[in-house]
Amino acid sequence: MPVKRVAVLVSGSGSNLQKLIDHQDGYQVELVVSDKEESYGLERAKSAGIEAIHLDLSQAENYSRLLDLVEDMDLVVLAGYMRILPKDFVQALEGRIINLHPSILPKHGGMGMHGLNVHQAVLEAGEPVTGASVHYVDSGVDTGEVIDCQLVNVYHGDSPQSLQERVQRAEHIILPKVVSKLLKGK
Ligand code: GRF
């Protein structure tokens with residue numbers, strides 16, 4: 001069976017990208033694209049011998065270049081990619097594009113729900129449990145079908161930062177697991 005090809009889009013440190021690179025069970029990360037030239041995710045890719053490209057995606061016309069780069073991939077993974085994607089780009093990849101989100105969706109998703117904002121909202125809502133979700137990307141923000149979640153307890157005295165660290169450990173487990181599962185057809 002030909003190896004399944006994965007492209008990863010990042011904007012920041014790429015710790016989840018690193019877990020995908022370390023795992024590579026049933027797939028290969030073949031391309032990493034960042035909208036930020038300084039993204040450490042690009043360095044991680046280069047260190048692993050993976051093609052790493054910076055594209056200025058504040059310019060809508062560059063999405064056609066991005067689509068050219070990823071349309072032959074088996075899966076496109078948004079791992080800390082911080083821009084809203086154009087609808088036609090998402091439609092072209094329907095069923096082959098997934099995102100990682102640091103809450104149990106549909107709770108605490110949507111516009112503005114990123115970084116510490118998510119964990120702050122979880123604490124303010126008094127949730128006993130939060131976690132990480134992997135979902136298909138659709139034309140909304142964090143609204144696509146959820147594929148899997150990893151639960152994380154919220155403890156008395158947690159701060160947004162302590163919760164973020166715990167949820168990030170859950171993200172590092174669930175993302176490679178889901179990518180392998182999808183691409184092995186399980
Ligand atoms: C993760 O928390 C993810 O849920 C969110 O962005 C963060 C990316 O972290 N969408 P990293 O760049 O993988 O370290």
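**His101**

I started with His101 and its relative accessibility, which is 3%, so I logged this residue as buried. The model is a predicted one, and I kept that in mind while going through the entries. I then looked up where His101 sits, and the place is strand β5, residues 97-101. Next I listed what His101 touches, skipping neighbours within four places in sequence. The contacts are His108, Gly109, Met113, Val118, Gly131, Ala132, Ser133, His135, Asp142 and Glu171. I noted that two histidines, His108 and His135, are among them, along with the acidic residues Asp142 and Glu171.

**Glu37**

Is Glu37 buried or exposed? I found a relative accessible area of 59%, so Glu37 goes down as exposed; the cut-off for that class is over 50%. Glu37 belongs to the loop between β2 and α2. Leaving out residues up to four places away in sequence, I get Leu42 and His54 as the residues that Glu37 touches.

**Salt bridges**

I ran the salt-bridge count and got 7. I wrote up three of these pairs.

Asp25 and Lys184 came up with an N to O distance of 2.8 Å between their side chains. I checked the exposure of both partners. Asp25 is partly exposed at 32% relative accessibility, and Lys184 is partly exposed at 38%.

Glu43 and Lys46 form another salt bridge, at 3.7 Å from N to O. Where do these two lie? I placed both in helix α2, residues 40-47, and they are 3 residues apart, which is about one turn of the helix. Glu43 is partly exposed, with a relative accessibility of 37%.

Arg166 and Asp158 also pair up, with 2.7 Å from N to O between the side chains. I looked up Asp158 here and got 14% relative accessibility, so I put this residue down as buried; the cut-off is under 20%.

**Whole chain**

I stepped back to the fold after that. How many helices and strands are there? I count 6 helices and 7 strands in the protein. Their order along the sequence reads β-α-β-α-β-α-β-α-β-α-β-β-α. The radius of gyration is 16 Å, close to the 16 Å from the globule rule for 186 residues, so I noted the protein as being as compact as a globular protein of that length. Along the principal axes, the C-alpha atoms fill a box of roughly 45 × 35 × 30 Å.

For burial, I get 46% of the 186 residues. For contacts with a separation of 6 or more, residues 24 or more positions apart account for 60%.

**Surface and charge**

Conventions. Residues numbered from 1 in each chain as written. Predicted model: local features only at pLDDT ≥ 70, side-chain atom pairs only at ≥ 80, totals over all residues. Heavy atoms only, no water. Helix = DSSP H or I, 4+ residues; strand = E, 2+ residues; numbered from the N terminus. Rg over C-alpha atoms; globule rule 2.2 N^0.38 Å. Buried < 20%, exposed > 50% of the residue type's maximum accessible area, 1.4 Å probe, protein only. Contact = heavy atoms within 4.5 Å. Salt bridge = Lys/Arg side-chain N within 4 Å of Asp/Glu carboxyl O.
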